[in-house]
Amino acid sequence: MSSSQVAVLGAIAGFTIYLGLPIGRLRAPAPRLKAGLNALAIGILVFLFWDVLTHAWEPIDEALAGKHWGTSLGNGLVLAAGLAIGLLGLVYYDRWTARRRATASSIGPGAASTGDPALKPQAKSAAAGLALMIATGIGLHNFAEGLAIGNSAATGEVSLAVLLIIGFALHNATEGFGIVAPLAAAGERPSWTTLALLGLIGGGPTFVGTLVGQRFVNDSMSIAFLGLAAGSILYVVIELLSVARKAGLKELTTCCILLGLLAGFATDAIVTAAGA
C-alpha cells in the first residue's frame with residue numbers, strides 16, 4: 001500500500017466524525033432528548049479519557065518493566081505536563097473568556113443592539129465554547145491515533161494499519177455526537193459552516209497524524225499529545241456533568257452515560273482485536 005493510499009484512508013478514518021455532527025441541527029429538541037445527548041457524550045468522553053490514558057501509559061509501563069528508569073521518568077513527566085496543560089489550560093481559558101464576556105456586557109445593551117463588530121465575541125455562547133473544547137480535545141486524541149496508523153504502515157505492518165483505520169473510523173463516527181451534545185442541550189442550532197469547522201478540528205488531525213506517523217514517530221511526542229487530550233477531555237466531562245445535574249433527569253442520564261461507555265468499547269473492539 002502506497003503512502004498516499006494510507007494518507008487517504010487516514011483522512012477517511014478521521015472524517016467519519018461528520019456522521020454524528022448533523023444531529024446538532026435538530027430544531028428545538030425535547031428536554032429529555034437534550035439531556036440524553038448530553039449524557040451520551042459524557043459516556044463517550046469517559047471512555048475516551050480511559051482509552052487515551054491507557055495508550056499514553058503503555059510506553060511508560062514498558063520502560064518500567066525493562067528497568068529503563070530514565071526513559072520512564074522522562075515520559076512520565078511529559079504525561080504529567082500534558083495532563084496539567086490540557087486540564088488547567090482550559091480552566092484559565094474559560095476564566096479569560098468569561099472576563100471578556102463580562103467586559104463586553106458592561107458596554108451596555110444599546111451598543112449591542114447596534115451590531116457593533118467589537119461585540120461579536122460576546123455572542124459566542126458557553127455551549128458553543130464547550131463544543132469547541134470537545135472538538136479540540138478529540139482532535140488531539142485523533143492526532144495520536146493518526147500517528148499509530150502512519151507508523152504501522154511505515155514499519156510494513158499494513159494489515160495492522162488497515163485494522164486501525166477501520167476501528168478509528170467506527171470510533172470517530174460516535175465522537176461527532178459528543179461534539180454537538182452541548183449545543184443540542186442548550187437548544188442552539190449551529191450552522192453547517194460551524195459543523196464543518198468543528199468536524200475539521202476534531203477529525204482533521206487524524207489525517208495530519210497519519211502523514212507525520214509515516215515519516216516520524218516518537219514515544220514522547222505521542223505521550224505529550226495524549227496527555228493534552230486526556231486533560232482537555234477531563235475538563236469537558238466535568239462541565240457536561242454540571243449540565244447533567246441541572247437537567248435533573250438522573251435515571252435517563254445514568255442510562256445514557258452507560259450507553260455512551262458501551263458504544264465506546266464496542267467501536268474500539270476492532271482496534272483491540274488488532275493488538276493496538
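## Overall fold

From the N terminus on, the elements of the chain run α-α-α-α-α-α-α-α-α-α-α. That comes to 11 helices and zero strands, where helices (H or I, at least four residues) and strands (E, at least two) are DSSP runs numbered from the N terminus. Of the 276 residues in the chain, 43% are buried. Here buried means under 20% relative accessible area, exposed means over 50%, and partly exposed lies in between (1.4 Å probe, protein chains only).

A quick word on what you are looking at: this is a predicted model, in which local features need pLDDT of at least 70 and side-chain atom pairs count only at pLDDT 80 or more, while totals for chains, interfaces and linings use all residues. Residues are numbered from 1 along each chain as its sequence is written, and side-chain values use heavy atoms, with hydrogens and water left out.

Let us turn to the rings. Rings of Phe, Tyr and Trp (its six-membered ring) pair if their centres lie within 6.5 Å; planes under 30 degrees apart count as stacked, over 60 as edge-to-face and the rest as tilted. By this rule there are four aromatic pairs. One of them joins Phe47 and Phe265 in an edge-to-face arrangement, with 4.8 Å centre to centre and 70° between the planes. This pair links distant parts of the chain, since Phe47 sits in helix α2 and Phe265 in helix α10 (residues 250-267), 218 residues apart. Phe47 has a relative accessible area of 1% and is therefore buried, whereas Phe265 counts as partly exposed because its relative accessibility is 44%.

Trp50 and Phe265 also pair: their ring centres are 5.3 Å apart and their planes stand at 50°, so the pair is tilted. Again distant parts of the chain are linked, with Trp50 in helix α2 and Phe265 in helix α10, 215 residues apart. Trp50 has a relative accessible area of 43%, so this residue is partly exposed. Phe47, Trp50 and Phe265 form one aromatic cluster.

The patch of negative charge gathers Glu58, Asp61, Glu62 and Asp219. Patches are made of residues with over 30% relative accessible area and no salt bridge; like charges are joined within 9 Å, and nonpolar side chains (Val, Leu, Ile, Met, Phe, Trp, Tyr) within 5 Å. A salt bridge is a side-chain nitrogen of Lys or Arg within 4 Å of a carboxyl oxygen of Asp or Glu. Lys and Arg count as positive and Asp and Glu as negative, with His and the chain ends not counted; the place of a charge is NZ of Lys, CZ of Arg, CG of Asp or CD of Glu. Glu58 is a residue of helix α2, and at 34% relative accessibility Glu58 counts as partly exposed.

There is a nonpolar patch too: Trp57, Leu64 and Trp69 form it on the surface, with about 330 Å² of accessible area together. Accessible areas come from the Shrake-Rupley method with a 1.4 Å probe, and for residues only the protein chains shown count as cover. Trp57 belongs to helix α2 and is partly exposed because its relative accessibility is 40%.

Lys67 is found in the loop between α2 and α3 (69-105). Its phi is near 60°, a positive value in a residue other than glycine. Most residues other than glycine have a negative phi. With a relative accessible area of 58%, Lys67 is exposed.

## Contacts across the sequence

Val237 lies in helix α9 (residues 219-247) and is buried, with a relative accessible area of 8%. Val237 and Ile44 are 193 residues apart in sequence and 9.7 Å apart in space, C-alpha to C-alpha.

Ala11 is part of helix α1 (residues 3-15). Ala11 counts as buried because its relative accessibility is 16%. The C-alpha atoms of Ala11 and Gly146 are separated by 8.9 Å, and the two residues are 135 residues apart along the chain.
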